[in-house]
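Subject: Structure handover

Hello,

Here is the structure I promised to pass on. Please open it alongside this note.

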Amino acid sequence: MTGWDLKPQGIQGVLKTTGETAGKIETYAKSYGEHLTSAATSAGTITTEGGDGGGKDGEKAAGGLVALALSQYAEHATSDLKFIAARAGKSLTGAVDATTAYLNGDLEMAAESQRKALGVPDLDLTTSGGRST
């Protein structure tokens with residue numbers, strides 16, 4: 001790709017902000033799980049006509065259909081959240097690696113140009129249109 005013009009300070013700022021935001025994913029996921037648990041607990045249970053709670057041998061059931069649905073949803077959503085966190089981490093690492101390689105390439109090119117400029121000049125006047133000896 002031609003015409004790259006990366007600005008390391010700008011990239012660093014974006015990576016810092018993105019990293020800070022991505023770092024909060026774990027906190028958000030924990031809060032999300034607590035809210036799902038609370039919703040499942042508050043959803044109640046289905047009771048039979050006798051009002052015994054619907055559990056085996058008259059025990060109170062641990063959760064109803066809503067709690068079951070929330071549990072199944074949480075299982076699915078958890079893998080999605082883990083994927084998002086992993087993808088964010090890999091994207092940030094890739095951006096850092098690409099920027100580092102770009103900057104190292106610039107430094108290598110600058111060093112090569114400097115070596116060429118400081119090298120011994122070719123004084124073969126016969127090939128440069130000057131006087132022959």
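Below is what I found, element by element.

**Overall**

Please keep in mind that this is a predicted model. The secondary structure comes to three helices and zero strands. From the N terminus on, the order is α-α-α. The protein has 133 residues, and 11% of them count as buried. Take the contacts with a separation of 6 or more: residues 24 or more positions apart account for 51% of these.

**Helix lengths**

Helix 2 covers residues 25–42, which is 18 residues. At 1.5 Å a residue, helix 2 should span 26 Å. Its end C-alpha atoms are 25 Å apart, so the two values agree. Helix 3 runs over residues 65–118. With 54 residues at 1.5 Å each, helix 3 should span 80 Å. The end C-alpha atoms of helix 3 lie 79 Å apart, which agrees.

One backbone detail belongs here. Just after helix 2, Gly44 takes a positive phi of about 80°.

**Helix 1 against helix 3**

Helix 1 (residues 8–23) packs on helix 3 at an angle of about 165°. Their axes are 10 Å apart. Angles over 145 degrees count as roughly antiparallel, so helix 1 is roughly antiparallel to helix 3. The crossing of this pair is left-handed.

Which residues make the contact? From helix 1 come Pro8, Ile11, Leu15, Thr18, Gly19 and Ala22. From helix 3 come Ala88, Leu92, Ala95, Val96, Thr99 and Leu103. By class, this contact has nine nonpolar, three polar and no charged residues.

Val14 is also in helix 1. Is Val14 buried or exposed? Val14 has a relative accessible area of 53%. The cut-off for exposed is over 50%, so Val14 is exposed. Val14 and Leu92 are 78 residues apart along the chain, and their C-alpha atoms are separated by 9.8 Å.

**Helix 2 against helix 3**

Helix 2 and helix 3 pack at an angle of about 175°. The axes of this pair are 10 Å apart. That angle makes helix 2 roughly antiparallel to helix 3.

On the helix 2 side, the contact residues are Ile25, Ala29, Tyr32, Leu36, Ala39 and Ala40. They meet Ala67, Leu70, Tyr73, Ala74, Ala77, Leu81, Ile84 and Ala85 in helix 3. The residues of this contact divide into 14 nonpolar, no polar and no charged.

Ala40 is worth a look in the viewer. Ala40 lies in helix 2. Its relative accessible area is 18%. Buried means under 20%, so Ala40 is buried. Not counting residues up to four places away in sequence, Ala40 touches Ala67 and Leu70. Ala40 and Val66 are 26 residues apart in sequence, yet 6.6 Å apart in space, C-alpha to C-alpha.

**Buried positions of helix 3**

Which residues of helix 3 are buried? They are Ala67, Ala74, Ala77, Ala88, Leu92, Thr99 and Tyr102. What covers them includes helix 1 and helix 2.

Best regards

How values were computed
Residues are numbered from 1 along each chain as its sequence is written. This is a predicted model: local features need pLDDT of at least 70, side-chain atom pairs count only at pLDDT 80 or more; totals for chains, interfaces and linings use all residues. Side-chain values use heavy atoms; hydrogens and water are left out. Helices (H or I, at least four residues) and strands (E, at least two) are DSSP runs, numbered from the N terminus. The expected span of a helix is 1.5 Å times one less than its number of residues. Axes are lines fitted to C-alpha atoms, for helices over the stretch in contact, and angles run from 0 to 180 degrees between N-to-C directions. Angles under 35 degrees count as roughly parallel, over 145 as roughly antiparallel, 65 to 115 as roughly perpendicular and the rest as oblique. A crossing is left-handed if the near helix is turned anticlockwise from the far one by less than a right angle, and right-handed if clockwise. Contact means heavy atoms within 4.5 Å. Ala, Val, Leu, Ile, Met, Phe, Trp, Tyr, Cys and Pro count as nonpolar, Asp, Glu, Lys and Arg as charged, and the others, Gly among them, as polar. Buried means under 20% relative accessible area, exposed over 50%, partly exposed in between (1.4 Å probe, protein chains only).
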